[in-house]
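Let's take a walk through this fold together. Keep the picture open beside you as you read.

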Amino acid sequence: MSDDRDEENGFDTMIPESLLPYDSWIEDAYRGVMLRALEHVGREGLPDGHHFYITYRTDWPGVVLPARLRAQYPHEITIVLQHQFWDLKVDEDAQTISVGLSFGGVGSILVIPVDAVTAFADPHIRLALRFTPPEPAHEEEAPAELAAPVQEAPENAPAASGDAPSSPQVVSLAAFRKKGSGPG
């Protein structure tokens, strides 16, 4: 047997560079799984035990985030969708996720471009997906107050309770990267 073949499986040990973008296709499929989960929960609510961690780039074009949170988390934030969120929607045409959350007792609607998401996890089943954001298209910077308008929470939005933290918390996803980790 030749030295360039693996005796156990019969494959060449040197894997050639692919001319097909498999990594990109796989990451797109994982993003699709995340979006399907978010759409389902937006319609049906979270099943018992499930909750989501969504990590995204706050400096990404099109992100809508209160100015005080943008100042506190200038590059990345992890939000938790568990007890206190409302109006979770996926806009396929705009490629955005929107959700209402309370930070320090103040409700806000966040808008997250899908490409800004760097990680998605459902710790209940130890699912964790990581994403590599594509290079952002260079857009002219709008003034901060125009770049991130914050919609007020609807009057019927749930108030913050003792069950959920009243301020955002950055959560390490390292414990959830064992199963289902995407490329990147």
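## An open sheet

Strand E1 (residues 52-57) and strand E6 (residues 117-122) are antiparallel partners, joined over four bridges. Strands count as paired if DSSP finds at least two bridges between them. The names come from DSSP runs numbered from the N terminus: helices are H or I with at least four residues, and strands are E with at least two. Within this pair, tyrosine 56 sits opposite valine 117 in E6.

Before we go on: this is a predicted model, where local features need pLDDT of at least 70 and side-chain atom pairs count only at pLDDT 80 or more, while totals for chains, interfaces and linings use all residues. Residues are numbered from 1 along each chain as its sequence is written, and side-chain values use heavy atoms, leaving out hydrogens and water.

Zoom out and you'll find four strands in an open antiparallel sheet, ordered E2-E1-E6-E7. Strand E2 (76-81) and strand E7 (127-130) are the edges, each pairing on one side only. From one strand to the next, the twist averages 10°.

## A helix on the sheet

Helix H1 (residues 22-44) packs on this sheet and touches E1, E2, E6 and E7. Contact here means heavy atoms within 4.5 Å. The direction of H1 makes about 55° with that of E6; axes are lines fitted to C-alpha atoms (for helices, over the stretch in contact), and angles run from 0 to 180 degrees between N-to-C directions.

Now look at strand E4 (residues 96-103): eight of its eight residues are buried. Buried means under 20% relative accessible area, exposed is over 50%, and partly exposed is in between (1.4 Å probe, protein chains only). In a regular strand, side chains alternate between the two faces of the sheet. In E4 both faces are covered, with Thr96, Ser98, Gly100 and Ser102 on one side and Ile97, Val99, Leu101 and Phe103 on the other.

Strand E3 (residues 85-91) runs antiparallel to E4, with five bridges between them, and valine 90 has isoleucine 97 as its bridge partner in E4. Four residues separate the strands in this hairpin, where glutamine 95 has a positive phi near 55°.

E4 also joins strand E5 (residues 106-113) through eight bridges, again antiparallel. Isoleucine 97 turns up here too, opposite isoleucine 112 in E5. This hairpin has two residues between its strands, and glycine 104 takes a positive phi near 60°.

## Just before the helix

Where is leucine 20? Leucine 20 lies in the segment before H1, and counts as partly exposed because its relative accessibility is 43%.
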